[in-house]
Amino acid sequence: METIIGIDLGTTNSAVCLIQNGKPVMIKDADGQAILPSVVGLDSQGRLLVGQPARNQAILAPERTVRSIKRKMGQDTKVTMGDATYAPQEISAIILRTLKDRATQVLGRPVSKAVITVPAFFNETQREATRQAGELAGLEVVRIINEPTAASLIYEATADRRERLLVYDLGGGTFDVSIVQVEGGVVEVLSSHGDTQLGGDDFDELLLNNVCERFKQEHGLDLREIPTARSRLLQAVEEAKKQLSFDACVALNEEFIAERDGAPLHLKMELYRNEYEDLIEPLLKKTIRCVDDALDDAHLHAKDIDKIILVGGSSRTPLVHQLLESQLSQTPHQEIDPDLCVAMGAAVQGALIAGDDVGSVLVDITPHTLGVQCKGFIHGMPSLFTFSPIISRNTALPATRSELYSTSVEGQKAVQVNVYQGEEADVRRNQFVGGFVLAGLDESADEGNEILIRFDLNLDGILNVTAVERSTGLEDRLTIKNAITEFRAEGHEEARAKLAEIFGDRTSPVSASRHPVAEEPHLPEAERAAIKEAIHLIAKATNLLTEAGEEDAEEIRGLIEQLEDAIANQSLSDIGHYREKLEDIVFYLQDA
Ligand code: AMP
């Protein structure tokens with residue numbers, strides 16, 4: 001039977017996939033890369049470059065390089081590359097031809113038919129131009145399908161009942177959101193919205209500007225004005241940005257980035273995810289407004305959506321997940337690589353047309369969210385029992401993620417790392433899966449001493465938890481087996497008992513907070529202040545437990561317990577009463 005390949009012809013990147021034995025197989029290049037940057041160029045000798053080599057020369061040789069040609073598809077225009085001009089279809093044909101050749105090489109026989117995807121908002125002229133590009137590349141384009149349709153097919157090709165999906169696609173240069181209805185392999189786009197000038201490239205620019213401003217303040221030199229430094233830095237910030245989707249902070253280290261008065265200048269900076277997110281939040285809020293518009297146009301409400309699917313490399317940004325989750329009250333799906341799922345869906349469509357069997361795509365994922373207990377807020381109320389997710393459910397395995405926390409009191413000696421599984425904001429309603437104490441922290445540190453917690457979860461469900469004091473590198477770790485199956489609390493009494501031995505607590509007081517803590521202004525100011533001070537006092541008292549005598553420790557534990565109950569009941573009078581008592585003993589011990 002003839003193979004019909006599926007091609008995602010993207011603005012920034014393209015990819016090709018085919019179905020073999022009912023499963024999608026991405027076609028990779030000799031270096032093992034499934035993604036082909038959608039960039040075409042000529043080198044200094046006039047030889048054709050496609051993909052990464054063309055991308056590499058894009059900034060330094062723009063006159064010989066063409067990128068983002070998809071934006072011009074369907075226009076009666078020409079682009080210049082070297083000494084010649086080309087129609088947009090001709091440039092797209094070069095990309096398609098490269099992908100076709102890859103497929104031919106891997107299959108060992110000629111490939112001549114393809115399904116190609118286009119954005120839902122493409123008009124007839126743009127679709128026709130895409131079809132022409134395919135033909136110029138020597139492909140019979142058996143169907144042009146919408147990108148959200150392709151993404152839906154890969155998630156729901158075999159759904160029997162009617163499902164409504166929201167496909168949120170945030171790539172390098174464009175954003176679109178579509179509401180689609182799937183039933184028995186038939187997909188209908190109900191509505192579509194987007195912004196053709198919004199994507200990861202804008203995030204890179206924002207981060208670049210931020211880094212350059214900081215560098216300018218320190219060295220009095222604007223790196224944006226030096227083309228080679230700018231282009232090097234742009235690549236570095238893009239890499240850093242990608243890493244920030246998995247880690248709470250990354251180091252940017254570019255040696256010899258520039259020169260002043262004959263002396264080399266190095267760029268060394270820490271980038272924090274929360275600061276980066278502040279930069280891009282206004283742009284992401286724009287995408288959420290498009291989501292609302294798409295729902296309105298489809299005459300649907302958030303509750304009518306069965307599944308949210310994330311597509312496009314930039315949708316890996318954790319803030320995207322958070323904003324969508326709070327807007328639509330459900331966890332988005334990203335188990336299938338968001339860079340590849342459109343090409344995979346196109347291949348599924350190809351196989352359906354060819355009459356091949358297509359099984360559902362199985363990926364190993366975390367069925368539950370894994371995270372730690374910390375000091376924070378639950379529904380606007382300060383709490384010691386805030387669940388801080390680190391690996392959210394539906395994440396493909398293996399997965400590595402880290403988050404940054406900080407100590408609550410000056411001179412804090414230890415932090416307690418309690419790992420939970422579940423979806424509730426309050427850890428007491430989730431499953432405790434294990435815990436340990438990182439002891440021996442730098443006692444000269446003020447409150448806010450940074451503690452990095454990293455989760456490494458492998459395919460066998462083994463979770464490695466590492467806690468690191470960033471200033472000293474002090475580290476401790478714990479391995480938890482079967483972290484992806486449903487945990488039973490009874491099996492973990494041992495770990496709980498070990499923690500209780502040190503801190504003697506009923507529900508394990510917290511000694512680190514999410515860094516920095518976002519405050520939600522729900523409670524009246526007086527109550528907020530009282531609860532926050534009480535929580536701070538609990539952290540202080542906990543810090544003293546290890547050095548208190550047995551009798552004092554006993555009393556402290558009792559008072560902590562009573563104060564926790566008072567906080568849980570939001571009883572201001574009880575909070576005041578137990579706080580006073582606990583304060584007395586804390587002052588007494590601190591003076592002793
Ligand atoms: P696409 O156009 O769908 O191929 O998406 C490309 C965009 O996704 C580029 O702006 C990339 O920098 C961005 N991207 C890729 N991986 C990540 C990641 N892990 N986190 C954030 N953005 C990413």
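Helix α6 gives the most to the shell around the ligand, with 3 residues. The model is predicted: local features need pLDDT of at least 70, side-chain atom pairs count only at pLDDT 80 or more, and totals for chains, interfaces and linings use all residues. Residues are numbered from 1 along each chain as its sequence is written, and side-chain values use heavy atoms, with hydrogens and water left out.

**Ligand shell**
- The ligand is surrounded by 17 residues (a residue is near if one of its heavy atoms lies within 4 Å).
- The closest are Asn13, Gly172, Glu238, Lys241 and Ser245.
- By class, the shell holds 1 nonpolar, 10 polar and 6 charged residues. Asp, Glu, Lys and Arg count as charged; Ala, Val, Leu, Ile, Met, Phe, Trp, Tyr, Cys and Pro as nonpolar; the others, Gly among them, as polar.

**Polar contacts and burial**
- A ligand oxygen lies 2.7 Å from a side-chain N or O atom of Lys241 (a polar contact is a pair of N or O atoms within 3.5 Å).
- For the side chain of Thr12, the distance from a ligand oxygen to an N or O atom is 3.3 Å.
- A ligand nitrogen is 3.5 Å from a polar backbone atom of Lys242.
- Alone, the ligand exposes 510 Å², and the protein buries 89% of that (Shrake-Rupley method, 1.4 Å probe).
- α5 (200-219) and α6 (227-243) are the elements that give two or more residues to the shell (helices are DSSP runs of H or I, at least four residues).

**Aromatic rings**
- The whole structure has 3 aromatic pairs (ring centres within 6.5 Å; planes under 30 degrees apart are stacked, over 60 edge-to-face, the rest tilted).
- Phe121 and Phe122 form an edge-to-face pair, because their planes meet at 70°, with centres 6.0 Å apart.

How values were computed: Polar contact = N/O pair within 3.5 Å; in protein donor to acceptor, adjacent residues only side chain to side chain.
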